[in-house]
Amino acid sequence: MRTLLLTHLDNAPGPDDLEPAEVGIVGDPAHRGGYHCGSDRVVTNDYSVVESPRDRAGLTLDAAALDVGGFEVRVDGRTHTLPSFSLWCVGQCAANAADTRDIREIIYSPDGSTVRRWDRLGKRSSGDSSHRWHTHFSFFRDAIKAGRDQQPLFRRYLSSIGLLEENDMTEAEIIAALRKGVTSDPTIREVLRRAPWEFLPADHGGKTSAHAIVLNGLPAQLAALAGQDLTDEPAIIQGVLAGLTPEKIAAAIPPTMAKQVADELARRLAA
């Protein structure tokens, strides 16, 4: 997340871009407990541990927070700032968007003066004055422990203001997403839609196994082929592909296969 934001907001057009020192994850010595601290630095009855079973079960040495400092960028005649970014993120959380459900809280200022807190657990409503100039995101610790990708919300924000195209993913990002079993990103869906077999590893049994995975996962498409010669595999595959959506293809590929796909893709790109 830190790299994503800095890639697109550092040196962005505008009077005040986002600097590396303004995006933090691990708390400095002044932090006593809280989501910026891991298990070696939490305190007794730390709210970032005791208030949610997701945090208790997910406590590790990892930090589970992100601070974002001030910026002002202009895209297509519109100005975007830390307060507008914060309000957009809070709005997505309040709407319970799918890519926000690992966020526990956002502490922010809508105007550079008042400090507010959106808390998924409804326990707090404000924060200290430092949040006038930076916005704090806390993530449930079990999400960090599981290694779930937290970039999609921030990618959507960057796309919404015109700094990121939906398919603006590097080859390395595509590989990393596939390894984690992420299939919701628009670019990943497009990769799977265009060439669902091309990325399958050669040592997974060849096309027959690949076809079987999709066919077995899509009985509705098979039913639509009733009456056709089911021994003609190419015809079956063409018929199935004609009715496939990216979401159905993604759903038919299990996480273990996604990792093998990513490994094979990495091998081919390196060749």
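This is a predicted model: local features need pLDDT of at least 70, side-chain atom pairs count only at pLDDT 80 or more; totals for chains, interfaces and linings use all residues.

Biologist: OK, how many bridges join strand 3 to strand 4?

Modeller: Four, and the two strands, residues 72-75 and residues 78-81, run antiparallel. Strands here are DSSP runs of E with at least two residues, helices are H or I runs with at least four, and both are numbered from the N terminus. Two strands pair if DSSP finds at least two bridges between them.

Biologist: And which residue in that hairpin takes a positive phi?

Modeller: Asp76, with phi near 50°; the hairpin has two residues between the strands.

Biologist: Switching topic: what is the strand order in the open sheet?

Modeller: The order of its five strands is 1-2-7-5-6, with antiparallel pairing. Strand 1 (23-24) and strand 6 (116-119) are the edges, each pairing on one side only.

Biologist: How many bridges do strand 5 and strand 6 pair over?

Modeller: Four, in the antiparallel sense, with strand 5 covering residues 103-108. Glu105 stands opposite Asp119 of strand 6 there.

Biologist: Which strands does helix 4 lie across?

Modeller: Helix 4 (residues 82-94) lies across strand 2 (65-69), strand 5, strand 6 and strand 7 (134-139), at about 150° to strand 5. Axes are lines fitted to C-alpha atoms, for helices over the stretch in contact, and angles run from 0 to 180 degrees between N-to-C directions.

Biologist: Now helices. At what angle do helix 1 and helix 6 cross?

Modeller: Roughly 15°, and the axes of helix 1 (residues 2-9) and helix 6 (residues 151-160) come within 10 Å. So the two are roughly parallel to each other, a label for angles under 35 degrees.

Biologist: Which residues make the contact?

Modeller: From helix 1, Leu4, Leu5, His8 and Leu9; from helix 6, Gln151, Phe154, Arg155 and Leu158. Contact means heavy atoms within 4.5 Å.

Biologist: Last one: how much of the protein is buried?

Modeller: Buried residues make up 43% of the 271 residues, where buried means under 20% relative accessible area (1.4 Å probe, protein chains only). In total, the secondary structure comes to 13 helices and seven strands.

How values were computed. Residues are numbered from 1 along each chain as its sequence is written. Side-chain values use heavy atoms; hydrogens and water are left out. Angles under 35 degrees count as roughly parallel, over 145 as roughly antiparallel, 65 to 115 as roughly perpendicular and the rest as oblique. Buried means under 20% relative accessible area, exposed over 50%, partly exposed in between (1.4 Å probe, protein chains only).
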